[in-house]
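Please take me through this structure one selection at a time. I have it open in a viewer and have not seen it before.

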Amino acid sequence: MRRNFTPDQTLVDRLLLHDTDAFEELYRRHWFALYSYSFSKLKSPDDSKMIVRNVFCSLWQQREHLPVNFSLASWLYAEVRKSVLECVNSKIESMAEDFFIERQIIPGFTPKELYKARKPVSTSDVIEKARRTEILTPVIVNSGSKESWWEKYYHLANIKGLKNMVQTMMNF
Amino acid sequence: MKTEVLHKKILRYLDGQSMPAEKNQIQNWLSTVDKSNLQVSDEYKILLENEILAEIQAVTEYPTLYPKSKPWWEKVTTFFE
């Protein structure tokens, strides 16, 4: 896969020149974050797809009217949040997915769930997430079978250890 | 909370007429991170990416309106045709 390190702002500026490559690059950078966010809220692949499609269509259509210091990530996120709410609203209005609303959306409004939004993400959560996505799995598997010296002693490499080492050297 | 109450709250929020407490409630719901992350295989991700991009292209019609310029080697080879 070819990597493009051009900043978002430059790509957004190139949208004014109707640069479709820049648009596709922006899409490839951001689509999955938007898709997974809307999927986590709506639990519907079709709705999530529709939201991502509409947001990027709207970006292309508004490319000539974007402000100067335009932050693409914030704009995309704001648009997706708005679209998610509109989608929930239309589901309620159509009364087609009452069960979904009662089981998936309404429990999210309990004080306990809402409190989670104010809590910072803890390190254990990040490690657990990494474990679940199998980032750490190869390390765990290897450490069980063949333990290398750095795996054995890496937990000793902390500030206290370094301080002790420096003190020993100074005394020596 | 009942569905009707939620409906009214969302409508007020979308119209920009919600009370600060309601606004906080909805924004907190939007900010909560679901720990059960979406897990998709790389193949499915690529498939989905191309599928959505094709839909965007069909809606905006940008490939027709603004066709991509040919790469330099194709431009050069046209002189020898």
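Buried area is the accessible area, taken with a 1.4 Å probe, that two parts lose on being put together, summed over both. Keep that in mind for the first stop. Note too that this is a predicted model.

**Stop 1: the two chains together.** Colour chain A and chain B separately. Between them, about 4,500 Å² is buried, and carbon and sulfur atoms give 67% of this area. Now select A:K49, A:L85 and A:F109. These residues supply 16% of the area that chain A buries against chain B, more than any other three residues. Next, select the whole contact: 50 residues come from chain A and 40 residues from chain B.

Stop 2: Four salt bridges are counted between chain A and chain B. Zoom in on A:R53 and B:E55, whose side chains form a salt bridge at 3.2 Å, N to O. Which elements give two or more residues to the side of chain A that touches chain B? They are α2, α3, α4, α5, α6 (111-116) and α7 (123-132) of chain A. Highlight α2(A), which gives the most to that side, with 14 residues.

**Stop 3: a serine in α2.** Stay on helix α2 of chain A and select A:S38. Is this residue buried or exposed? A:S38 counts as buried because its relative accessibility is 0%, and the cut-off for buried is under 20%. Its side chain reaches the backbone oxygen of A:Y35 at 3.2 Å. Beyond four places in sequence, A:S38 touches A:K43, A:S48, A:I51, A:V80 and A:V84.

Stop 4: In soluble globular proteins, nonpolar side chains tend to be buried together. Here the largest nonpolar core has 46 residues, and A:F56 and A:L59 have the most contacts inside it. Elements of both chains give two or more residues to this core, among them α1 (8-15) of chain A and α3 (42-60) of chain B. Select A:F56 and show what surrounds it. Leaving aside neighbours within four places in sequence, A:F56 is in contact with A:F23, A:L26, A:Y27, A:H30, A:W31, A:L34, A:L76 and B:I56.

Stop 5: Select α4(A), residues 72-94. This helix has 23 residues. From first C-alpha to last, α4(A) reaches 32 Å, close to the 33 Å expected at 1.5 Å a residue. Finish just after α4(A), at A:M95, which takes a positive phi of about 60°.

Definitions and conventions. Residues numbered from 1 in each chain as written. Chains lettered and ligands numbered in written order. Predicted model: local features only at pLDDT ≥ 70, side-chain atom pairs only at ≥ 80, totals over all residues. Heavy atoms only, no water. Core = buried A, V, L, I, M, F, W, Y, C linked by side-chain atoms within 4.5 Å. Buried < 20%, exposed > 50% of the residue type's maximum accessible area, 1.4 Å probe, protein only. Helix = DSSP H or I, 4+ residues; strand = E, 2+ residues; numbered from the N terminus. Contact = heavy atoms within 4.5 Å. Expected span 1.5 Å × (residues − 1). Polar contact = N/O pair within 3.5 Å; in protein donor to acceptor, adjacent residues only side chain to side chain.
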